[in-house]
Amino acid sequence: MIRQCAILFGCLAAGELLVFLTGIKLPSSIIGMLLLTLLLKLGWVKLEWVKGLSDFLIANLGFFFVPPGVALMLYFDIIKAQFLPIVAATIVSTALVLVVTGWTHQWVRNKSAKNQE
Amino acid sequence: MEFFKNQYFLIFLTFLLFFAAKLVQKRLGWVVLNPILVTITLLILFLSVTGIPYTDYEKGGMMIDFWLKPAVVALGVPLYLQLEQIKKQLLPILLSQLVGCLVGIVSVVLVAKVLGATNEVIVSLAPKSVTTPIAMEVTRGLGGIPSLTAAVVVCVGLLGAVLGFKILTLGRVKSPIAQGLSMGTASHAVGTSAAMERSRKYGAYASLGLTLNGILTAIITPYLLPLLGIGG
């Protein structure tokens, strides 16, 4: 378990360091995630060295954002005042993403299938 | 009750409510009874009724949300396991992810702007399609309200899980791979679990959409918002 923590936090710390050094506008956790993928791909980190902890964290992802979600109680005024824009924008955008992503995938796939014929 | 402010008690309460909410959802099987949403609602009710300020809750809560960042790093494992799958369909997957990501950010920003939302709120809505830890990180970095993002993200997930396949059928997206991808791209983990209920194949592509859109949104949002006239 200690090795698993060392690897995950090592990737995260490397991400933090990169943000600190370059001021890049990317969450350190995303950099850490990509680094972990790379290390696994290169075989420098073995899957079983991180599997247990990462499975646990991913399976319980939902739980970790309960406390920041509770902070919502501090912003009830803002939400009440801007309820319509928030709800309308969210619904319209979600429907668009669903359909447009699907269309693009089908279209590109058909095109490349035709090219191969 | 002064004791209710005790941080270990508040952590215990968070675990207990989440555990109970998960049990109830399993029993009833309603997607709308999302354990995250239920737990957040119950905790806000508890704090309001007992008059405990959020800052007291935060002391215990911090220890829980500390794990958000390592959890995002852990997403590198499923990404690694899916690399082969991505390689097989590199172009269709990457292009559809890029388009989905751009449409997601631009459409939510423009609609919110036209309807008169403030910059702070618009920034908080921009990463709404991606999984909460990533979305909150993006919002936090850009000066939005992370908790508003968390709430909106959960609602987007529920929306996708409940109506996603209906919208896809209406929009004539028919291929299972495209449907799976779209579910993950538009409504992250909650959409993915809905896709997983259909079949493993849907689920695998949905989780691919979830991870890739998460990465793209984190990279693109900080640079896209200024182009849309939103200070970030």
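Visitor: Among contacts in chain A between residues at least 6 apart in sequence, what share joins residues at least 24 apart?
Guide: The share is 46%, where contact means heavy atoms within 4.5 Å. This is a predicted model, in which local features need pLDDT of at least 70, side-chain atom pairs count only at pLDDT 80 or more, and totals for chains, interfaces and linings use all residues. Residues are numbered from 1 along each chain as its sequence is written, chains are lettered from A and ligands numbered from 1 in the order in which they are written, and side-chain values use heavy atoms, with hydrogens and water left out.

Visitor: How many helices and strands does chain A have?
Guide: Chain A has 7 helices and 0 strands. Both are DSSP runs numbered from the N terminus: helices are H or I with at least four residues, strands are E with at least two.

Visitor: Is chain A a compact globule or more spread out?
Guide: Chain A is more spread out, because its radius of gyration is 21 Å, well over the 13 Å that the globule rule gives for 117 residues. That radius is taken over C-alpha atoms, and the rule is 2.2 Å times the number of residues to the power 0.38. The C-alpha atoms of chain A fill a box of roughly 60 × 50 × 30 Å along the principal axes.

Visitor: What part of chain A is buried?
Guide: Of its 117 residues, 46% are buried. Buried means under 20% relative accessible area, exposed means over 50%, and partly exposed is in between, with a 1.4 Å probe and protein chains only.

Visitor: OK, and where is A:Gln4?
Guide: A:Gln4 lies in helix H1 of chain A, residues 2-22. A:Gln4 counts as buried, at 13% relative accessibility.

Visitor: Which residues is A:Gln4 in contact with, leaving aside neighbours within four places in sequence?
Guide: The contacts of A:Gln4 are A:Glu48, A:Trp49, A:Val50, A:Lys51, A:Gly52 and A:Leu53. As for A:Leu57, it is 53 residues from A:Gln4 in sequence and 12 Å away in space, C-alpha to C-alpha.

Visitor: What span should helix H2 of chain A have?
Guide: Helix H2 covers residues 28-42, and at 1.5 Å a residue its 15 residues should span 21 Å. The expected span is 1.5 Å times one less than the number of residues. The end C-alpha atoms of H2 are 21 Å apart, which agrees.

Visitor: Which residues of H2(A) are buried?
Guide: Among them are A:Ile30, A:Ile31, A:Met33, A:Leu36, A:Leu39 and A:Leu40. Just after H2(A), A:Gly43 takes a positive phi of about 80°.

Visitor: Switching to chain B, where is B:Arg172 found?
Guide: B:Arg172 is in the loop between helix H10 (146-170) and H11 of chain B. Although not a glycine, B:Arg172 has a positive phi of about 60°. Most residues other than glycine have a negative phi.

Visitor: Is B:Arg172 buried or exposed?
Guide: B:Arg172 counts as exposed, at 63% relative accessibility.

Visitor: What is the phi of B:His188?
Guide: Phi of B:His188 is near 35°, again a positive value in a residue other than glycine. B:His188 lies in helix H11 of chain B and is buried, with a relative accessible area of 3%.

Visitor: Which helix holds B:Gln179?
Guide: B:Gln179 lies in H11 of chain B, residues 176-198. B:Gln179 counts as buried at 6% relative accessibility. Not counting residues up to four places away in sequence, B:Gln179 touches several residues, including B:Phe165, B:Lys174 and B:Tyr202.
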